[in-house]
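Let's take a friendly tour of the charged side-chain pairs in this model. The structure comes first, and the pairs follow.

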Amino acid sequence: MRSRAVALRGAAGRLDRDWRDLPLRTRLTTAAALSATLAIIAVIGVAYIAVRHELRGQIDQQLRRQIHELHVDSSFNPFNGTGSFTLNPGAGEIGGYAAVLTTNGQRANGSDLLPMSRRDLRIARNGKGTLLRDTHFQGRHVRMITAALTLVLNGQTVPVAVQIALPLGEVDEQLHTLAAAFVVLAVAGLALTVFASWGAVRRVIRPVQQLTETAEEIAATRDLTVRIASESNDELGRLATSFNTMLDALERSLAAQRQLVTDASHELRTPLASLRTNVEVLNDVDRLSPQQRTAVLDGIITQLDELTGLVADVVELARGESPPSDHDDVALDELVSRAVERARRHWPNLTFRLHTEPVLVRGVASRLDRAVANMLDNAGKFSPPNGTIELRLTADGAVTVSDEGPGVPDAALPHVFDRFFRADEARALPGSGLGLAIVQQIAEGHRGSISLSNRPGGGAVATLRLPPLAPPEPGAVDVEPPPTAEPAAGQSVPMPVEQSLFR
């Protein structure tokens with residue numbers, strides 16, 4: 001028994017795999033045709049049963065009417081064994097058969113030899129009840145009724161049973177004709193359903209086929225400019241639109257990656273060339289004075305620092321944004337306070353003013369910390385000695401960093417977030433030219449934005465806007481700059497990698 005069940009499960013699994021291996025169009029057409037065929041069969045079956053019930057119901061009504069209209073006359077007492085019943089010939093006028101049964105199962109004179117069962121005898125003996133059934137008589141299919149009838153003979157009550165049968169030949173012929181017509185109708189409906197289903201599925205599946213062909217073409221040619229024509233607003237149309245949107249994003253991402261590689265290669269040439277030159281100079285180290293050797297080594301260290309910062313920035317941009325599953329609730333006010341403390345240690349000759357309100361955002365704390373640090377680092381590079389940098393965090397999630405530097409030239413403002421862009425005035429400053437580009441990437445990854453503008457009184461203002469999770473408690477906290485504390489002996493001070501848009 002268990003082996004049979006295992007065999008059945010195996011056969012069902014193979015059938016399911018074979019079904020799944022069929023083309024989608026074939027499966028949809030088969031399913032649609034099968035559903036429509038079952039519906040047609042159900043409708044035809046109900047119609048056939050209704051017609052059959054109506055035709056046979058008319059026969060049953062005729063049989064019951066004949067029972068009420070039939071009269072049995074007796075010429076003598078049937079119990080002395082010498083008499084017989086005379087049946088009213090009215091029953092014969094309907095083209096049927098009639099019989100009278102006594103309690104002992106004998107038929108009266110003139111009765112047809114209709115089939116007799118125990119239930120018929122029970123009705124005759126009890127003198128009550130009615131029985132309708134199908135049977136055969138003289139090779140004909142008949143519908144027969146057996147009903148109780150009470151006779152009064154010589155002052156005595158005699159229970160008998162009357163049987164009347166009507167032929168069902170015409171009814172059966174009509175039902176056979178109807179069944180044949182229904183079979184033809186079912187076959188025609190099946191053919192029409194298969195054809196209509198194939199046409200409908202072919203039209204519906206066309207966008208999926210185009211999607212498949214487009215995906216195969218892109219996989220073969222690596223051409224991300226191919227698009228699918230969206231012809232409707234249904235699920236398949238939205239699928240085509242989503243696929244085109246995905247292709248747009250992939251195309252932009254690929255273009256950005258290629259541009260990043262191109263720009264990085266271009267930016268790496270200068271420090272690598274300088275580094276190569278200084279290393280080649282070291283071949284003649286014996287001919288250099290101590291001051292020249294020191295200058296060459298300092299230059300090599302500086303160029304290595306630039307290369308380290310550039311590679312770190314390129315890696316930061318290439319890693320992209322973390323998925324939403326990695327985001328946590330971040331207290332933005334605490335994060336910016338820590339970033340300002342690090343900036344104070346890194347820029348001891350500048351004054352930092354911090355104004356914060358409690359703000360909770362959703363994101364990756366390390367990425368948001370990098371964005372705020374880059375904004376502060378960018379402001380620190382352009383601030384004059386003993387200048388003031390102000391960071392303000394408001395309840396709507398806006399982080400504003402303003403400095404007292406020269407500001408950004410109007411011609412450079414539209415390009416400040418481009419990768420590796422540096423204004424002419426910033427080329428002498430260290431940095432990779434990717435600081436604000438990284439801030440923009442982080443902001444967009446957290447459903448925020450970044451902007452940079454000039455203050456009327458001089459200086460630049462960078463504003464990072466992030467969507468807060470919930471309204472914070474009222475009341476701002478102004479943090480006064482504490483005195484700069486010197487690190488203890490043997491304690492290292494964490495120094496952020498310098499990231500700036502300008503050099």
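## A pair within a network

Arg143 and Asp134 join their side chains in a salt bridge, with N to O at 2.8 Å; the term stands for a side-chain nitrogen of Lys or Arg within 4 Å of a carboxyl oxygen of Asp or Glu. Arg143 is buried at 13% relative accessibility, while Asp134 is partly exposed at 31%. Here buried means under 20% relative accessible area, exposed over 50%, and partly exposed in between (1.4 Å probe, protein chains only).

This is a predicted model, in which local features need pLDDT of at least 70 and side-chain atom pairs count only at pLDDT 80 or more, while totals for chains, interfaces and linings use all residues. Residues are numbered from 1 along each chain as its sequence is written, and side-chain values use heavy atoms, leaving out hydrogens and water.

Helices (H or I, at least four residues) and strands (E, at least two) are DSSP runs, numbered from the N terminus. Arg227 is partly exposed at 29%, and Asp248 is partly exposed with a relative accessible area of 29%.

Shared partners join Arg56, Asp60, Asp134 and Arg143 into one salt-bridge network.

Because Arg133 lies in strand β4 (residues 130-137) and Asp120 in helix α3 (residues 118-126), the pair ties together parts 13 residues apart in sequence. Asp120 is buried, at 0% relative accessible area.
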